[in-house]
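Please walk through this model with an eye on its charged pairs and its nonpolar surface.

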Amino acid sequence: MAEETLRRIGLYFDDLNKIRVLDPEASQKTTSLKEECKEYEIKITDFEKVVDGFLQISDAVSSEVEKEKLKAIGSRNLLKSITKQREAQQQQLQALIIEKKLQLERLKVQHDSLRKEEMEQNELIEQFLLQK
């Protein structure tokens with residue numbers, strides 16, 4: 001009965017039979033909540049560490065991707081310039097081929113002309129030798 005009276009006025013006995021102002025059940029829940037908060041804080045701290053690690057890895061990967069992207073763009077530009085150089089070189093070679101073909105035609109005509117002249121001179125020589 002005395003315990004009931006003390007409870008009504010807000011005084012309680014704990015496990016060690018000491019008088020407390022706070023209800024033992026509320027005290028136990030408060031202690032339990034405090035421990036859960038500490039565990040939650042530890043988990044949050046661990047989570048922050050994991051997130052920081054992930055962000056660092058993500059930044060590193062992002063940096064590597066950017067480097068590779070720039071390399072790919074450089075390679076593509078180099079390939080385009082090489083292609084243009086080859087096209088220009090091919091056009092130069094085709095122009096040279098056409099020039100050499102024209103030169104060959106001129107030389108053939110000149111050769112034919114020289115053969116005719118040689119034949120005419122040989123005939124003249126033969127006629128001259130026959131006349132003597």
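Lysine 67 and glutamate 64 sit three residues apart in helix H2, so about one helical turn separates them. Helices here are DSSP runs (H or I, at least four residues; strands are E, at least two), numbered from the N terminus. The side chains of lysine 67 and glutamate 64 meet in a salt bridge, at 3.8 Å from N to O. That term means a side-chain nitrogen of Lys or Arg within 4 Å of a carboxyl oxygen of Asp or Glu. Lysine 67 is partly exposed, at 46% relative accessibility. Glutamate 64 is also partly exposed, at 41%. The classes are buried (under 20% relative accessible area), exposed (over 50%) and partly exposed in between, with a 1.4 Å probe and protein chains only.

The model is predicted: local features need pLDDT of at least 70, side-chain atom pairs count only at pLDDT 80 or more, and totals for chains, interfaces and linings use all residues. Residues are numbered from 1 along each chain as its sequence is written, and side-chain values use heavy atoms, leaving out hydrogens and water.

How many salt bridges does the whole structure hold? The search finds two. Glutamate 68 and lysine 71 form one, at 3.6 Å from N to O. Both residues lie in helix H2, three residues apart, about one turn. Glutamate 68 is partly exposed at 43%. Lysine 71 is exposed at 52%.

Valine 65 also belongs to helix H2, which covers residues 24–131. Together with Ile57 and Val61, Val65 forms a nonpolar surface patch of about 280 Å² accessible area. Patch members have over 30% relative accessible area and no salt bridge; like charges are joined within 9 Å, nonpolar side chains (Val, Leu, Ile, Met, Phe, Trp, Tyr) within 5 Å. Areas come from the Shrake-Rupley method with a 1.4 Å probe; for residues, only the protein chains shown count as cover.
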